[in-house]
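Dear colleague,

Please read them with the model open beside you.

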Amino acid sequence: MVRKKKLRLIQLGLFILGSIIVFYTYSDKGRPPNQEIISKETQEKIKKQITDQSEEGDVFYNIEYSGLDLNGNRYILKSKEAINNKNTQELVSMKFVEAIFYFKDDTTLYVWSDFGKYNNKSLDMVFEGNVKAKYLDSDLFAQKAQYSNSDSFLVISKNVKVTDIRGTIFADELLFDIKKKKLNIASFDDKKINANINLKWKKDLEY
């Protein structure tokens with residue numbers, strides 16, 4: 001009686017083992033050789049994304065910051081892609097940036113750029129690459145702009161061009177004093193200003 005039970009257990013074990021072998025044999029035959037569940041290209045992208053996140057920081061998409069500067073002006077800062085700095089958490093690197101500044105006198109300043117940096121502690125901002133700004137009827141083009149919250153000014157530099165319905169200004173650097181609503185224009189090459197208009201950024205230019 002005991003012997004029969006042992007034989008049955010052995011037979012059951014052999015049946016289960018045979019079933020497992022048949023299952024894996026036919027499942028492998030049903031799949032083409034060298035078939036990849038995830039393509040190599042996708043694997044490389046995933047690997048690169050994991051590496052980038054581990055080296056630089058976390059990646060965020062379609063982010064938006066808003067708040068008030070030290071003068072009580074409201075601002076909104078948007079970015080399609082942003083990476084926080086692992087070593088300095090308050091620094092955020094951004095791509096495809098848009099900023100809107102709503103001033104107390106009911107005027108609005110718009111700024112766009114390919115890249116940017118934002119300090120979420122000091123609220124300072126840097127715009128780089130194809131910088132474009134719009135204020136009232138004037139359009140500004142440059143390669144770099146720096147906004148200082150503590151000093152309340154916006155410095156625009158590198159191939160600065162300002163267009164207006166009345167003309168165009170070229171300069172090496174523009175300093176827009178947000179608090180006083182004054183605009184200083186500097187040309188470092190010949191100490192002269194190449195201009196044929198009075199910008200509406202302020203009523204009287206300071207040289």
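Asn62 is exposed, with a relative accessible area of 64%, where exposed means over 50% relative accessible area, buried under 20% and partly exposed in between, computed with a 1.4 Å probe on protein chains only. Please keep in mind that this is a predicted model, in which local features need a pLDDT of at least 70 and side-chain atom pairs count only at pLDDT 80 or more, while totals for chains, interfaces and linings use all residues. Residues are numbered from 1 along each chain as its sequence is written, and side-chain values use heavy atoms, with hydrogens and water left out.

Asn62 has a positive phi of about 50° although it is not a glycine, and its place is in strand 1, residues 59-68; strands here are DSSP runs of E with at least two residues, helices are runs of H or I with at least four, and both are numbered from the N terminus. Of the 10 residues of strand 1, the number buried is 1, so this strand lies largely in the open.

**The hairpins**

Strand 1 runs antiparallel to strand 2 and is joined to it by 9 bridges, two strands being taken as paired if DSSP finds at least two bridges between them. Within this pairing, Ile63 has Ser79 of strand 2 as its bridge partner, and the hairpin that the two strands form has 5 residues between them, with Gly72 in the turn at a positive phi of about 85°.

Further along, strand 6 (residues 138-148) pairs with strand 7 (residues 153-164) in the antiparallel sense over 8 bridges, and Tyr147 stands opposite Leu154 in strand 7. The hairpin of strand 6 and strand 7 has 4 residues between the strands, and Ser152 takes a positive phi near 55° there. Strand 7 also pairs with strand 8 (residues 167-177), again in the antiparallel sense, over 10 bridges; Val162 stands opposite Ile169 in strand 8, and a hairpin of 2 residues joins strand 7 to strand 8.

Leu123 also has a positive phi, near 70°, without being a glycine. Leu123 is found in the loop between strand 4 (108-119) and strand 5 (125-135), and at 16% relative accessibility it counts as buried.

**The core and its contacts**

Leaving aside neighbours within four places in sequence, Met125 is in contact (heavy atoms within 4.5 Å) with residues including Tyr75, Leu77, Phe101, Tyr118 and Tyr147. Thr108, whose place is in strand 4, counts as buried at 19% relative accessibility, and among the residues that Thr108 touches, not counting those up to four places away in sequence, are Phe101, Tyr102 and Tyr135.

**Aromatic rings**

The structure holds 6 aromatic pairs, where rings of Phe, Tyr and Trp (its six-membered ring) pair if their centres lie within 6.5 Å, and planes under 30 degrees apart count as stacked, over 60 as edge-to-face and the rest as tilted. The rings of Tyr65 and Tyr118 have centres 4.7 Å apart and planes at 45°, so this pair is tilted. The pair links distant parts of the chain, with Tyr65 in strand 1 and Tyr118 in strand 4, 53 residues apart. Tyr65 counts as partly exposed at 23% relative accessibility, whereas Tyr118, at 3%, counts as buried.

The rings of Phe101 and Phe103 have centres 6.5 Å apart and planes at 15°, so that pair is stacked. Phe101 is buried at 2% relative accessibility, and Phe103 is buried with a relative accessible area of 5%. Phe101, Phe103, Tyr135, Tyr147 and Phe176 form one aromatic cluster.

Finally, the charged end of Arg74 sits over the ring of Tyr102, 4.2 Å from its centre, by the criterion that NZ of Lys or CZ of Arg is within 6 Å of the ring centre and within 35 degrees of the ring normal. The charged end of Lys132 sits over the ring of Trp112, 5.7 Å from its centre.

With best wishes
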